[in-house]
Amino acid sequence: MNLFKSVFLLFVCLFAGNIEYSFATIITGKVTGPNSEPLPFANVYIKGTSNGTTTNIDGKYKLDVPPGPCELVFRYIGYRMRTEPLLVAQNPILIDIQLVPENYTLLEVNIKAEDDDPAYSIIRKSIAKRKFYLNQVDEFSCNVYIKGLQKLTSIPDKFMGVDVDLSEFVDSTTGIVYLSESVSKYHFKKPDVVKEEMISSKVSGSNRSFSFNQASDMDFNFYENIIAITGLSERGFVSPVASNALFYYKYRLDGSFLENGHWVNRIEVIPKRKNDPVFAGYIFIQDSTWRIHSTDLFLTKDAQLQFVDTLKVNQVFIPISSEDDIWKIGSVTFRFVFSAFGFAGNGNYVGVFSGYEVTPGFKKKFFKGNVMKINEDANKRDTTYWELIRPIPLTPEELTDYTKRDSMQVIKEAKPYLDSLDRLSNKFKPGNLIRGYSYENKFRKTEFSFSSLLENVQFNTVEGLNIGIGINYVKRYENRSSYETDFNIRYGFSNTKVCADGGIQYNWNVKKFAFVKMEGGDDLVQFNENAPISPIINSGYSLFGEKNYMKLFRKQYGKVAARIEPVNGIRLNGAIEFSHRKAVLNTTDYTFIDYSNQTYTSNNPLDPVNDTRFFENNSALKIAVSARFRIKQTYIDRPDMNYIIGSKFPDLSVSYNKGINKIFGSDVNYDKIEMSIDDKISLGMVGKFQYHLSYGKFLNNKNLYFMDFAHFNGNQTFLSGFEQKRFDLLPYYNYSTSDEYFQLFTEHEFGGFILNKIPLLRKLKLNEIAGFRYLRVPGDNDHFETSFGFEKLRVFRADFVLSFDNNGKTHTGFVFGIKGLIGR
């Protein structure tokens, strides 16, 4: 089968729906207003079908129409709909259309005495029909074309002290940083199950990449009470026709117009309170049916948007059934403006939904975990294919970007160009002392990196001043596998000892998250293998506060670990380790500031006063296996990776650790099992709630040493990384146990629900977070923590924490940090 036939058949499958014909005629043209101004994103479709398109930003459109008589419908929000009867032959047709602004008429409407505006009566009727339209269609399939464009209009010279150079990614003339198109088959089944297959994808300047366009992101359903927009708000936004919309909105009837025998009401949507998470703009409601006809809505910073300043949402609904009783989205357009950290830009995404099939009759198990699958050959389509299938003509700016970037791609993938980039990026700068240094060979896909000065120069009371270096090497392959090696070495000037370790890891299947790793060395490590305090923070507290929180022992070891997700939702981990463990003592009491009422504690976590070797030298052969079960896990299946979305069900995990006695002289003999459950629950306007609870028990503790105990992630500093499973006011080793234990971590993100109601403070756009944590070990001294804090941009955070125990002892403190960075 030749390429033309393949493309043609694919085109028929995607856009012809149930219409059977042998040829299609291309109709092109321009849609303008009364002054010949282009009308961008106007809706154009064949009456009686869902076969349609939209105009581009210049008002131009392209539509494939089967031969024969038909009526072409032109719609633009705020303008009078126009229908053009056609007798289509096989020759291309040019039809330019001029639309006129709609003449709005204020009709007589029966309203209640307490209503100020007739819009309220219309909205109440629309709200009453909300559930009907929400549940009207049990399932459907359709074709979706999406085009996305993003620009940077302002770029700072420096970001956090680092020079910013985006010339490789941003067009210097247009500012375009991302231009992409995609064609997908989109499937939906109640209540909220989706599956999307991306058939073709085009990314400007990279024929190896795959588009990030996603139909489900474009399918805003205002019949839902809350419109969730991932990344822009934790709480979501209230629909203008939500069941409780009258609490959030005021309405004004701006007028009505007659369309196909039905009056359509143009209603202005006005937030009652400036800073509520609500829309503004206009919603169009069809009289008598009370369905949404179209939307022209927007969100601003006042609605507590994160990262985006303004988001505009335009939707046009079209009838998809012969009786005109079922309407679905025909087109949707997002336009946004953003600014953050000196960067500013804008963009737009337009989606064309066509070829609806209301009762596709999905087979059993059609909907599996992959909510989206991008075909391996999706990015292999040539220019001819896109010229045939693209329903929205490219603008001159977009065409120029494709031409320029695609022609540059061959050059950019060539060795001389990649080498020139390497010469620039590999230059050593003074800032590399703080950030670390990387040497990359883009052509060979290799990279060497060296640790930063902050990591290389540290202090602890066992080693004293220690200076070292960490080296990492990564090699990536075309089949997306990779391997990396790392080596770390340091010298302690007080204990006059060298520590060194290293490892090699092979990532052999990225889609199954599979790797195998071998590592080993002779190193000083913390008794809690989770390393609850980072060496950098411990250095600061030791030198400036005379507090040496980090407790160490020497470990000479070899270890093999592996991970794989053989089945979607089931992730397995395993490791085996053999080690010699030795107790070590403090060798220095040096500090920058010598406090008269403060002194270093011993390196013995159980006896802070007496610095003695509290365990004998020993050997340990240990195995650890764990499994995490995530029921009905959803993910995006990309050719280069699987992107995990999550599950509506809690995560269940179980782990087993075994200390094996007498083999290779191993001295340990214990068995420990732990079970845990994690979940995140969306509570709509109130925010999100997450929890983790775990129970562990040593089934056998005949012979184990302190480093084999169950330890808990405590904190005795004012810095935190705010990991979910942590305690902010718990001593590092006071609760360590070789018996059973129970942990509970809860946290609720209000997403501005409280501060949004307080003038001035709401301008800060802070996310309020409340937490509760609990730890129980044998005895009567349970540990409780409660906290309340604020978060900015999901990065910076500060909490006030109160802790107490069964004996009535309380402690309070403030902790600050950068999530996931400071504290570990």
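Visitor: Which residues in α2 are buried?
Guide: This is a predicted model, and in α2 the buried ones are A119, Y120, S121, I122, I123, S126 and I127.

Visitor: And how much of helix α2 does that make?
Guide: Seven of the ten residues in α2 (119-128) are buried, so the helix counts as mostly covered.

Visitor: OK, new topic. What's the strand order in the open sheet of four strands?
Guide: The order runs β3-β2-β5-β6, and the pairing is antiparallel.

Visitor: Which strands stand at the edges?
Guide: Those are β3 (52-54) and β6 (82-88). Each has a single partner strand, so one side of each has no neighbour in the sheet.

Visitor: How are neighbouring strands turned against each other?
Guide: By 20° on average, ignoring direction.

Visitor: How many bridges pair β2 with β5?
Guide: Four bridges, in the antiparallel sense, link β2 (43-46) and β5 (68-75). In one of these strands, β5, you'll find V73, the bridge partner of Y45.

Visitor: Let's jump to S321. Where is that?
Guide: S321 sits in the loop between β20 (308-319) and β21 (327-340).

Visitor: Is S321 buried or exposed?
Guide: Buried: its relative accessible area is 11%, and the cut-off for buried is under 20%.

Visitor: What does the side chain of S321 make a polar contact with?
Guide: With the side chain of D325, at 2.6 Å. A polar atom of the S321 side chain also lies 3.3 Å from the backbone nitrogen of I326.

Notes. Residues numbered from 1 in each chain as written. Predicted model: local features only at pLDDT ≥ 70, side-chain atom pairs only at ≥ 80, totals over all residues. Heavy atoms only, no water. Buried < 20%, exposed > 50% of the residue type's maximum accessible area, 1.4 Å probe, protein only. Helix = DSSP H or I, 4+ residues; strand = E, 2+ residues; numbered from the N terminus. Pairing = 2+ DSSP bridges. Axes fitted to C-alpha atoms, helices over the stretch in contact; angles between N-to-C directions. Polar contact = N/O pair within 3.5 Å; in protein donor to acceptor, adjacent residues only side chain to side chain.
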